[in-house]
Amino acid sequence: QVQLVESGGGLVQTGGSLRLSCAASGRTFSRYAMGWFRQAPGKEREFVGTISRTGGSTYYADSVKGRFTISRDNAKNTVDLQMNSLKPEDTAVYYCAATSKSYCSGSNCYSPTDYEYWGRGTQVAVSS
């Protein structure tokens, strides 16, 4: 089992940047593929991106491709989401998620049901 805690959210102007971080508990962090999701008010939880266990593979939603970057440090048990060129439509609560499912390789797990463990989220607000 793994516990996840997100940090780094806040209010930023359009075009600005934020870096979210997710800290994981436990000694087996490298066994989990990691994902970032977001949920805006009144909308379903939306896939943002995912990273493989080694960090060698990433996959992003079209809406954030070229603007967001996921990275991980298995020695520190952290996974980060660097968000650049932020837009008002990026406003949401951002969640970190982990999966131990063997078929998740960092490019093929983009449904919330693929992930077993979730953080509580961190709020990101982008003003126009």
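Predicted model: local features only at pLDDT ≥ 70, side-chain atom pairs only at ≥ 80, totals over all residues.
Local features need pLDDT of at least 70, side-chain atom pairs count only at pLDDT 80 or more, and totals for chains, interfaces and linings use all residues. Residues are numbered from 1 along each chain as its sequence is written, and side-chain values use heavy atoms, with hydrogens and water left out.

Start with the largest nonpolar core, which has 36 residues. Such a core is a set of buried Ala, Val, Leu, Ile, Met, Phe, Trp, Tyr and Cys residues joined through side-chain atoms within 4.5 Å. Buried means under 20% relative accessible area, exposed over 50%, and partly exposed in between (1.4 Å probe, protein chains only). Met-34, Trp-36, Val-79, Leu-81, Met-83 and Tyr-94 have the most contacts inside this core. Two or more residues come from each of β3 (18-24), β4 (33-39), β5 (46-51), β7 (68-73), β8 (78-83), β9 (92-99) and β11 (122-127). These strands are DSSP runs (E, at least two residues), numbered from the N terminus. The largest share, 5 residues, is that of β9.

Now take Tyr-94. Residues up to four places away in sequence are not counted here. Among those Tyr-94 touches are Glu-6, Leu-20, Trp-36, Val-48, Leu-81, Met-83 and Val-124. Contact means heavy atoms within 4.5 Å.

Strand β1 pairs with β3 in the antiparallel sense, over 4 bridges. Pairing requires that DSSP finds at least two bridges between the strands. Leu-4 stands opposite Ala-24 in β3.

Move to β8, the strand that holds Asp-80. Is Asp-80 buried or exposed? Asp-80 is buried, because its relative accessible area is 14%. Its side chain makes a polar contact of 2.9 Å with that of Ser-21. A polar contact is a pair of N or O atoms within 3.5 Å; within protein, one must be able to donate a hydrogen and the other to accept it, and residues adjacent in sequence count only if both atoms are side-chain atoms. Leaving aside neighbours within four places in sequence, Asp-80 also contacts residues including Arg-19, Cys-22, Trp-36 and Ile-70.

Two loop residues complete the walk. Asn-77 lies between β7 and β8. Asn-77 has a positive phi of about 60°, although it is not a glycine. Asn-77 counts as buried because its relative accessibility is 14%. Ser-85 sits in the loop between β8 and β9. Ser-85 is not a glycine, yet it has a positive phi of about 50°. Ser-85 counts as partly exposed, at 41% relative accessibility.
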